[in-house]
Amino acid sequence: MGDKVKTVIASILKPIDDTRMYEKFGLTLRQTNRYEVNIIGFTSKNPPQDNKIRFYSIFNFNSTSTKRWLASLTYFVYLMRIKPKLIIVTTFELLPFTIFYKIIHSNVRIVYDIQENYALNFLSNRNKSYLTKMVGYIIRGIEHLSQRYIDLNILAELTYAKELSFLDKPVEFILNKYKVVDLQHITLPSTLINIAEKSELVFILNGTISKNYGIYETLAFAKELSMCIPKLLLIVVGHVTEVDLYQYLRQYEQQNSHVYCYIDTSPISHLILLKAVELADFGIIAHRLVDSIKDCFPTRIYEYMAFRKPFILQDNPLWTTYCQDWQCSIPVDFSNFNIQEVLSAIKNTNFYPNGFSQHIYWNSEAKKLIEAIDSTNGTKH
């Protein structure tokens, strides 16, 4: 691969075919023909068939496993093997060994792709025990102290600039907009397709399935709506982050004929998540308005708009204001809604009368990414 800059993109919890690591960052950098891309991540059940990018599946454990805290050592071993000149880190646990690697190889450039406010996740989403708070402060300390070694911070959300005020290196916003992909070769279970085709109205909740992303609110909403629409179907498809929730959903599916679950406790290919959207009439975004979520912008909005699918949207001004111009969603307070009003809106709203925004696509972000990485790495183009 000649004079190309040897690059590692790494995450502890994201699969090697993660949409941001692979489809967006990996493919975008590879297509410049200036970067040799190596992706280190979680094991994927359907690894990409891409011989121009090297993949290293070195993590395979539950998000709460103690192995998560030891995985950085394995990651460091792979850094020493690959010998990258550019490292894009996407999870805080990898920062210490990335910095250690840079101390050994001083000409290495480090980019910290901040996809979540990790400290806030611990402080706002879980039980606020002393241990939980300590973990949150440790995460913030790691991120803060790492800044002297980081060459570029990439932020996936606009709100992170305010929330992470300690960032003192160059910052670039690279949002998770929709990247067009080919779904023709992606297959879904025939049972799912048959059930969807026989249903009068199909809803979908896709992506990460968790309490804070509104799974219980979605089930309650669909249950009530199914009493008004007998042939309603709710498709739940995605990665379930907790084993007890996974077991609950399997049992709930057996007891409720209007629900079909295509779920796993391991990450599911993003292409499968998108393929399932094609079957739906409506999407559902029922995120809880906790501190770590309410100021972030759901990627699902971009995806539903790209497929021109209307969706039921948790009433949060940041989200509903954006969608209002395109008349693509029905705002709902999932904690207190009138099902007849929702049903009326579903039947009578003229969705997407003026199409949708062209700013939902990844192209604009890809250009910013290339410019930021080239500048950080001193690459000529």
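Visitor: What is the order of the strands in the open sheet of 6 strands?

Guide: In this predicted model, the order is β10-β9-β8-β11-β12-β13, with parallel pairing. Strands are DSSP runs of E with at least two residues, and helices are runs of H or I with at least four, numbered from the N terminus. Local features need pLDDT of at least 70, side-chain atom pairs count only at pLDDT 80 or more, and totals for chains, interfaces and linings use all residues. Residues are numbered from 1 along each chain as its sequence is written, and side-chain values use heavy atoms, with hydrogens and water left out.

Visitor: What makes β10 and β13 the edge strands?

Guide: β10 (259-264) and β13 (329-332) each pair on one side only.

Visitor: Why is helix α11 called largely enclosed?

Guide: Buried means under 20% relative accessible area, exposed over 50%, and partly exposed in between (1.4 Å probe, protein chains only). Because 7 of the 8 residues of α11 (residues 299-306) are buried, the helix is largely enclosed by the rest of the structure. Among the buried residues are Arg300, Tyr302 and Met305.

Visitor: Which elements do the buried residues of α11 pack against?

Guide: They pack against β8 (201-209), α10 (270-277), β11 (282-285), β12 and α12, where contact means heavy atoms within 4.5 Å.

Conventions. Two strands pair if DSSP finds at least two bridges between them.
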